[in-house]
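Please look over the sequence and the three-dimensional model before reading on.

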Amino acid sequence: MAWYCSGSTNTELVENLFKAELIKNERVKEAMLGVDRAHYAPSRPYFDSPQSIGHGATISAPHMHGHACEYLIDHLYPGARVLDIGSGSGYLTHVLANLVIKPGQTGQDPNQGRVIGIDHIPELVDLARSNMNKSKEGQRLQQLGLVQFITGDGRLGWEAEAPYDAIHVGAAAEEMHPVLIEQLRAPGRLFIPVESEYTATETALSYLGIGHGGQWIWVVDKKADGSVQKEKVFQVRYVPLTDAPR
Ligand code: SAH
């Protein structure tokens, strides 16, 4: 996809994504400029494509990271609390931190921004921590506990730090796990790729044998009054959100 959006440096990659309008939001652009993908993608870090990071996982393509942030942006204000499920390389966790952690935040402010990355493969949790430690700012954010990587089953969310202003899921779920919606703040938004979730119209069409398979991104909004609205936005291909490998 869109190879000309790649670059020979991180700045060139992000500027090209912006010029091609694959990312449109200035704050997302700034947050991505602030994280060197070379710390997270083992080869061809500045190509707009997914890359293997081992253990059957991939770091998603930069334009997908951009889209995810843009769908969540209204909830990524300085001081917001975010959960990144299937954090893998840790790249997106770091970009999300740049969006919600106020510059100079020390860890003492009760209204501080905070990002939790959760992955069920302990080796990838270690990898994310060490990737993020490659930059001084990444080290600082982890030392202050403003960014934390946790080993666990993301299908359960992470109750200890709930509610979240924004929850990002980086692997395709079998279903729209209700516990994740429960862990959203009101207002809050969940961005989740789902394998087999249908709109009412599609369910009706499926009775006529007209299928709508594949994975789709859903955005789920919990409104200020607690009501929940779900929207199916675009088709994707993610690795599955599964049981942990033995
Ligand atoms: N956002 C990450 C995507 C990594 S790929 C990145 O761009 O680097 C998807 C990740 O989801 C993998 O790291 C995989 O280990 C993780 N994963 C899959 N099922 C999971 C589960 N049930 N709980 C937590 N993480 C899971």
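Which are the buried residues of H4?

## Basis of the report

The structure is a predicted model, in which local features need pLDDT of at least 70 and side-chain atom pairs count only at pLDDT 80 or more, while totals for chains, interfaces and linings use all residues. Residues are numbered from 1 along each chain as its sequence is written, and side-chain values use heavy atoms, with hydrogens and water left out.

## Helix H4

The buried residues of H4 are Tyr-91, Leu-92, Thr-93, His-94, Val-95, Leu-96, Ala-97, Leu-99 and Val-100, so that nine of the 10 residues in this helix are buried and H4 is mostly covered. Here buried means under 20% relative accessible area, exposed means over 50%, and partly exposed lies in between, with a 1.4 Å probe and protein chains only. Helices (H or I, at least four residues) and strands (E, at least two) are DSSP runs numbered from the N terminus.

## Aromatic pairs

A search of the whole structure finds three aromatic pairs, a pair being two rings of Phe, Tyr or Trp (its six-membered ring) with centres within 6.5 Å, where planes under 30 degrees apart count as stacked, over 60 as edge-to-face and the rest as tilted. The rings of Tyr-40 and Tyr-91 form an edge-to-face pair, because their planes are at 75 degrees, with the centres 5.8 Å apart. This pair links distant parts of the chain, since Tyr-40 is in the loop between helix H2 (26–33) and strand S1 (51–54) and Tyr-91 is in helix H4 (residues 91–100), 51 residues apart. Both Tyr-40 and Tyr-91 are buried.

The rings of Tyr-71 and Phe-191, by contrast, have their planes at 45 degrees and their centres 6.0 Å apart, so this pair is tilted. Tyr-71 belongs to helix H3 (residues 62–72) and Phe-191 to strand S7 (residues 184–194), 120 residues apart. Tyr-71 counts as partly exposed at 30% relative accessibility, whereas Phe-191, at 0%, counts as buried. Ring pairs link Tyr-71, Phe-191 and Phe-234 into a cluster.

## Charges over rings

The charged end of Lys-29 sits over the ring of Phe-18, 4.4 Å from its centre, and Arg-44 lies over the face of Phe-47, 4.8 Å from the ring centre. A charge sits over a ring if NZ of Lys or CZ of Arg is within 6 Å of the ring centre and within 35 degrees of the ring normal.

## Cysteines

The whole structure holds zero disulfides, a disulfide being a pair of cysteine sulfur atoms within 2.5 Å. The sulfur of Cys-69 is 16 Å from the closest cysteine sulfur, in Cys-5, and therefore too far for a bond. Cys-5 counts as buried at 0% relative accessibility, and Cys-69 counts as buried at 1%.
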